[in-house]
Amino acid sequence: MSEPTWLVLRCHHCGQCSGHRFQKGRCPHCGQPITRETELVKQVPSSADLHIEVALANTPEALRDELKSRLVAQNLNSSESETPSARRVFQSLRDLANTTGMLSRNDVESILKKKGLDMPVEAVMEQAENEGLVLRTADGHWMFLE
Ligand SMILES: [Zn+2]
């Protein structure tokens with residue numbers, strides 16, 4: 001099977017868009033459940049473009065063109081350079097989460113440190129949340145959704 005289609009869904013509780021594999025789960029912004037009634041904004045053929053489409057969907061129409069060219073340029077840069085991106089950290093986070101199911105702030109911090117990455121935990125996990133990979137729980141942990 002080729003890479004599954006990704007969905008950009010707009011939560012009708014908070015109006016924010018997020019990326020999902022399936023039309024289920026929870027909104028990473030407000031935690032409300034995703035249902036069949038949740039608005040499907042767009043289908044994205046590759047996870048590489050998902051965060052761009054989600055960011056665009058969350059941007060007022062008038063600003064989209066500018067944002068798009070900026071994000072596309074960023075995406076090209078990050079895939080060509082050797083700079084570690086948040087995306088590469090996700091695999092390590094997922095590996096760790098496989099054993100515990102949950103991630104704490106300390107877990108994320110130690111992975112970033114181990115990889116020699118000077119990235120704020122918030123920024124990394126926010127991207128993971130936006131891509132629908134994790135859900136922030138009430139006590140400040142993250143739960144992997146896949
Ligand atoms: Zn929501």
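**Strand pairing and a helix contact**

In this predicted model, a hairpin is formed by strand 1 and strand 2, with six residues between the two strands. Gly15 lies in the turn and has a positive phi of about 80°. Strand 2 spans residues 17–20 and runs antiparallel to strand 1, to which it is joined by four bridges. Within this pairing, Leu7 has His20 of strand 2 as its bridge partner.

Strand 1 is also paired with strand 3, which covers residues 39–44. These two strands are likewise antiparallel, and five bridges connect them. Here Leu7 stands opposite Gln43 of strand 3. Strand 1 itself comprises residues 6–10 and is mostly covered, with four of its five residues buried.

A separate feature is the contact of helix 4 with helix 5. Two packed helices are described by the angle between their axes and the distance between the axes. Helix 4 is formed by residues 105–114 and helix 5 by residues 121–130. Their axes come within 10 Å and cross at roughly 105°. Because this angle falls in the range of 65 to 115 degrees, helix 4 and helix 5 are roughly perpendicular to each other. On the side of helix 4, the contact is made by Arg105, Val108, Glu109 and Leu112. Helix 5 contributes Val121, Val124 and Met125. By residue class, the contact consists of five nonpolar and two charged residues, with no polar ones.

Methods. Residues numbered from 1 in each chain as written. Predicted model: local features only at pLDDT ≥ 70, side-chain atom pairs only at ≥ 80, totals over all residues. Axes fitted to C-alpha atoms, helices over the stretch in contact; angles between N-to-C directions. Parallel < 35°, antiparallel > 145°, perpendicular 65-115°, else oblique. Contact = placed C-beta atoms within 7 Å. Nonpolar A, V, L, I, M, F, W, Y, C, P; charged D, E, K, R; others polar. Buried ≥ 20, exposed ≤ 12 C-beta atoms within 10 Å, placed from the backbone. Pairing = 2+ DSSP bridges.
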